[in-house]
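Morning, everyone. Please look at the model on the screen, and I'll take you through it.

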Amino acid sequence: MPHHRFSRIAPPVLLVAIATACVGFAPGTKARAAALNPTTDQTLLEPPGSPGAPVPVKVGLYITNLGDIDEVRERVELDGYLIVSWKDPRLAAAPAASNGTNYWQRYREGQIWMPSLELANAVTRRERLSFSILANAQGSVRYVEHFDAQVSSDFLLRQFPFDKQNLQVIVQPFLTDRTQLELSVDLGSSGVGGDTWVELPEWKILGLAATAETLKIRNVVGDIPQIRFDLKVRRRLAFYLWKVFLPILIMVLVSWCVFWIELSQFDWQAKIAVTTMLTLVAFSFAIERNLPRIGYLTFFDGVFLTSFVFIFLAMIEITLIHVLHLRKRESAAAAIHSASRWVFPLVYFATIALMVPIFLM
């Protein structure tokens, strides 16, 4: 039976297994270090420098792949390197052992003190693919982590699909270590890879900016230092111009064909108008899954609603002239029908032009 086999485990081995399972998994914690490295010098697990003084830590972010941007759920998936560097004089090597400037000593996690950092806007726990901890002869330590993460970011979509976005990656210390660290940006280690697979077909990467700031949380835990990385991207327009706006424009133009049909041909006028309206509705359902679900109007919403309204107005117009035709008011019906040929296009494109400064500027 399974419980019989479990009972044969030697008590010391069992205690070690339980102690190891109970250790925390945050980098830099002394409990985890003591469990994994019983012979480690415990003084190296304390923050370097004067007791109580914050340790200057530089943070860099290098993005190697932008996996996905989901503006519907406001999530971004990316792959990259997190580079953290600090100074620990206790790890400086003697001149005889340093072998000049090429000396780098490799450490295991739990052997030395490390700043405990996390992605504050991560949707799920970031996946650490690989990492290394190196210190040179002068005691400069560098932690490099290759990670994959999914983060949440604010999307400003009023200009959609002519929009630009700042995709945020926010690095913060672990809550209890916030007073131990003084964070700054490592510009030399930050950037975006230039390979073709880094970008997405729909988005063009414009660059990466970083800012060191302090998050103020009153009456809770106090101020938290953080580094905010802004990945600036711009949406590519080709898809929306040729597969969204152009079909909508063609549908609107088709609806205006009723203005060139004889007044007596109401059946054909109604068929064209109703068919165009139903086609536009079906088209909206087809593209809805790829559009952001937000609580305010975007430029695309303005164009779509304007097109929908003008197709509806065309139906109203043919109904009106049909009523006038039945009442033998041929001259009034003909005048309205003829004027609609240029009034509708003029007002439609003027309305679209007015949206440009409202939404795009």
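Helices here are DSSP runs of H or I with at least four residues, strands are runs of E with at least two, and both are numbered from the N terminus. On that basis, the protein chain has eight helices and eleven strands. This is a predicted model: local features need pLDDT of at least 70, side-chain atom pairs count only at pLDDT 80 or more, and totals for chains, interfaces and linings use all residues. Residues are numbered from 1 along each chain as its sequence is written, and side-chain values use heavy atoms, without hydrogens and water.

Now the chain overall. Of its 361 residues, 38% count as buried, meaning under 20% relative accessible area with a 1.4 Å probe, protein chains only.

Next, a sheet. Four strands form an open sheet in the order β4-β7-β11-β10, with antiparallel pairing. Its edge strands, β4 (117-119) and β10 (203-215), each pair on one side only. Pairing takes at least two DSSP bridges between two strands. β7 (residues 164-173) and β11 (residues 224-235) share eight bridges, in the antiparallel sense. There, L167 stands opposite L231 in β11.

Notes:
Buried < 20%, exposed > 50% of the residue type's maximum accessible area, 1.4 Å probe, protein only.
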